[in-house]
Amino acid sequence: MSRRPELLIPIVFEAGNTAKRNVASWRSNRPLIERGLCTNCLICWIYCPEPAIYLDDAGNVQIDYDHCKGCGICAEECPRKAIRMVVENV
Amino acid sequence: MQVSKLADLYGREGLSPGHSACQGCGATIAVRQVLLAAEPPYIVVSPTGCLEVISTPYPFTAWRVPWVHVAFENAAAVASGIEAALKVLERKGVGRRHKVIVIAGDGGTFDIGLQALSGAFERGHNILYVCYDNEAYMNTGIQRSAATPPGSITTTTPAGKRERKKDIVSILVGHGSPYVATASPHLWKDLTNKVRKAQSIEGPTFLHIIAPCPRGWYFEPHLTIKLAKLAVETRIFPIYEVENGRYRINYLITRPRPVEDYLRVQNRFAYLLKPENAALLEEFKRWVEERWSQLLKMAGAFPA
Amino acid sequence: MYSLSSYRLMTGNEAAAFAVKQADVDFISAYPITPQTIIVERLSEYVSSGELDAEFVPVESEHSALSACIGASLAGARVFTSTSSQGLALMHEILYIASGMRCPIVMAVANRALSAPLNIHGDHSDIMGSRDAGWVLVFCENPQEVYDYTIQAFRLAEHPDILLPVAVNLDGFTVSHSSEPVSILEDGVVRSYLPRRERPRLDFEEPASFGVFALPTHYFEFKVEQEKALRRAGEVLEEVSAAYPNRAGRLVKLSKFNEDGRIAIICLGGTAGTVRHVLKHYDMKDFSLISLKLFSPFPAEGLLDALNEAEGVVVMDRATSPGAPLPPLASNVAASLYEAGARLPLMSVVYGLGGREPTLKMIVEMLEKARERMIRGGPGVSRMYLGYGGG
C-alpha cells in the first residue's frame, strides 16, 4: 500500500523490533515459577511492565528471560505465591 | 465486547518487550493494558516523555501498532489532524478511519499540552486521550508538574510541593466530553473495560490512569501494583467515571485505609510523616477528604 | 498545450486559496492572523459550500495548526496551512519537525514584521527567522505567481525524492491584498498535474513508528540526508516546473530583467515589480534586476550565471540579521560569490521594515547611490538603510 521511499527518513517500519534486544543484563533477581503451585491464571502477565511473560504451546506460563528485568511484580502479585525471586548468579 | 477474563486479552499485545522502561514501570503496565483492550484499527499518538523515549530508539520501536510522536505540547493537535484527515480520505476512497488514541504523561497533559488538549476537546474530535499519570516529569529527572500531589518531594520542590494537584477530570468534564474516567492498572478489568467503553463513544473521551513510578516516587520496583492499589484504597486516587456529565464512583471505598499506609512506602513523602510536619500532613488529608466528599456529592447529585 | 480557462481578479490571498482549492487539498488547519487571514476565510467558504472536499480544522493556535498538519500529512492527506509573523514564530519548533519528519506540507506565508513593537505590515523578518528550518522557500512577486507557485509547490513537496514542506511567501498587503487579473487553469488540468502519490503513512495494517528519536549514532546522518533532499529540490524543481501547463507561470529559480545592465539588483518578492518599473521607465540601462523566486535551496549556480557580466551587485533585504556581518539575502549572495572566486562590489540594502514600502523615489535614490559607490568606489561591501529616518 504505502510506498517505502529509498530516502533515509526517521521511520521504523519493523514494528515491535525491540523484541530483538536483550535486556536481561538489567536483572539482579530472577523470577522462578513453582509449577506445582501455578494455575496459569495470567495475573503475573497482566501486571508485567515488559511483557516478559507468555504462555507456551502447552498453555503454561513461562518467563521470557531475555526480556525480564527482574522487577519482581509477578512474584509480589501472584495470588498463589507460585513465583519466587532468586538472586542471579554473576 | 466486555472483558471478563484475562484470556480475553491475551495475544493482543501492542507493545513489545525489549523497551527501555525502568524495572517495575507503572506507565508501561498501564499502556499495555490500554492496548490489550483497544479495538483495531487504531493509531497511537504520544507526546515527548518517558513512554516515547523508552519505546523508540532508532532503529528500534517497541510499538506493534501504528505510532507517531511529534513534540511535547501538541499530541492532541496531532491526533486532531490524523482523525480529521482520515475522515476525508475515507470519504474520497483513499484511506479509512482509525480510532486515534493519545497516550501521554501528566506533563504533556496537565501542563504543556493543556492548550492543545483543550482545543481538541472543544472541537469534539473523535479521539481517546489516555493520560498515564506518574505525577511528575520523570523523563527529565523528577521535576514537579501540576499533577504532583501536595507534599511530594521532587527535584524542583526539594522542600515538598505546597500546591494541590490539578483536577484534570473536572477540566475535561467542563469541555462537555461524553466520557471521562479514572483507572488504575491494579484494577485491570475496570481499566480495560473503560478503554472499550471510551473507544465506543463518538467524540473526545479521556482516561486518567495512575502510574506509580518506582524511580520518581522512591519505592521498590516490585511494589508498583501495590502502590496503585493503596492510592485507590486510601481515596487518594478515586476510581470513577463521568458519562455525559453524570458521575459514578466505580469503587466506593467505604472504609478507607489511612493515607499513611500509602505515604510510608514512598520516600517522596518521607518528610511529610515527620512530627514537625504534622500540619502539612493534615493539609494532605484535608485535600483527600475534600475531593472525596465533592465526588460523593457529584455522584449523589447526578446519579448514573 | 495548456488550457487557459479564464482570468479572474484576485488578491494574492485569494489566488493562494483558489490554487489550494484546485489542488484538491484534503486537509487545512490554520489560525487567524493578519495579513494571511483571507486565505483561510476563503478556504473555509470553499469547504463549507462543498466546492472543496476537505476537512478544515480551526485550531486554537498556529502551533497546533502545524501540528495538526503533520498528523494529517502522516495519515496520507494533502495538506495546506497559512500564517504570518507571530504565527510563524509560534510554529517555529514545529517547522523543524515538519521537515525532519519529511511531511510534504504546503504553507502560504503572508510576510509580516515581527514584534516588538507590534506591527502588522509587510517585511520578511518572519520567514528569515525560520530560514534554517529545512523548508523549501519560494517568493512571489504578484498574485499570478502566488497562484502558479502554490500549485507547483504541491508537486515539488510530494515528489518521492524530496518529501519536504514548502513555504510560498507573499508580501503582506502589497501582494496579499493587491488585486490583479490572474490567469487560471481549469480544475481538471490542475488535478492531472497533481496526481496522488503513495508515501509512508499511519495505518494499522502496516504499523510503522513515525517520529522516533535518534541517538548520536544516527542523528547526524538524518540531518545531512535531509539537507541533501533540500538541495535536490533545486534539480527536481526544473522537472516540476517544466511539466506545469501554463508555460508563463513556471516556477523558475530566478528571473532577470535588463540583461545588459552592469550592476545587478537582487531582491525577493513584490519589490522586484517596483524595481522593474524604475528600470523600465527611468531609463536605467546600466542596471539589471534579478528577482529570486527560490530562496531555499539557494540557487547559487543560477545566480552566478545571471551575474556573469556584472560589475557590481545591490542586494535588497527586507529583514535584518542583528549582529551578523550581512542580512540574510546579502549573506547568501556574498557566500555564493566567494565560492566562485568573484569579488564584486556589493551594496547591502536593508529596506521596508514594518511596511515602509519602497517608493519609486526611494529606488531611484538607491540606484544613484549604487552607481556612485560602485563605479567610483571599487570592490568591497557597503551598506545602506533605504527609506530609514523619516522615510
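These questions and answers cover a predicted model, its chain contacts, its strands and its domains.

Residues are numbered from 1 along each chain as written, with chains lettered from A and ligands numbered from 1 in written order. Local features need pLDDT of at least 70 and side-chain atom pairs pLDDT 80 or more, while totals for chains, interfaces and linings use all residues.

Q: What makes residues of chain B and chain C count as in contact?
A: Two residues are in contact if their C-beta atoms, placed from the backbone, lie within 7 Å. By that rule, 41 residues of chain B are in contact with 39 residues of chain C. α3(B) gives the largest share of chain B's side, 13 residues. Helices here are DSSP runs of H or I, at least four residues, and strands are runs of E, at least two, numbered from the N terminus.

Q: Why are β2(B) and β9(C) said to pair?
A: Pairing needs at least two bridges found by DSSP. β2(B) and β9(C) have two bridges, so they pair, in the parallel sense. B:V68 stands opposite C:F210.

Q: How do you know that β2(C) and β3(C) pair?
A: Four bridges join these parallel strands, and C:S29 has C:V57 as its bridge partner.

Q: Why is the unit of β2(C), α2(C) and β3(C) called right-handed?
A: With the strands pointing away from the viewer, a right-handed path from the first strand over the helix to the second runs clockwise. This β-α-β unit is right-handed.

Q: Where do the domain bounds of chain C come from?
A: An automatic or database domain assignment sets them. It gives domain 1 (4-249) and domain 2 (254-386). Their centres, taken over C-alpha atoms, are 27 Å apart.
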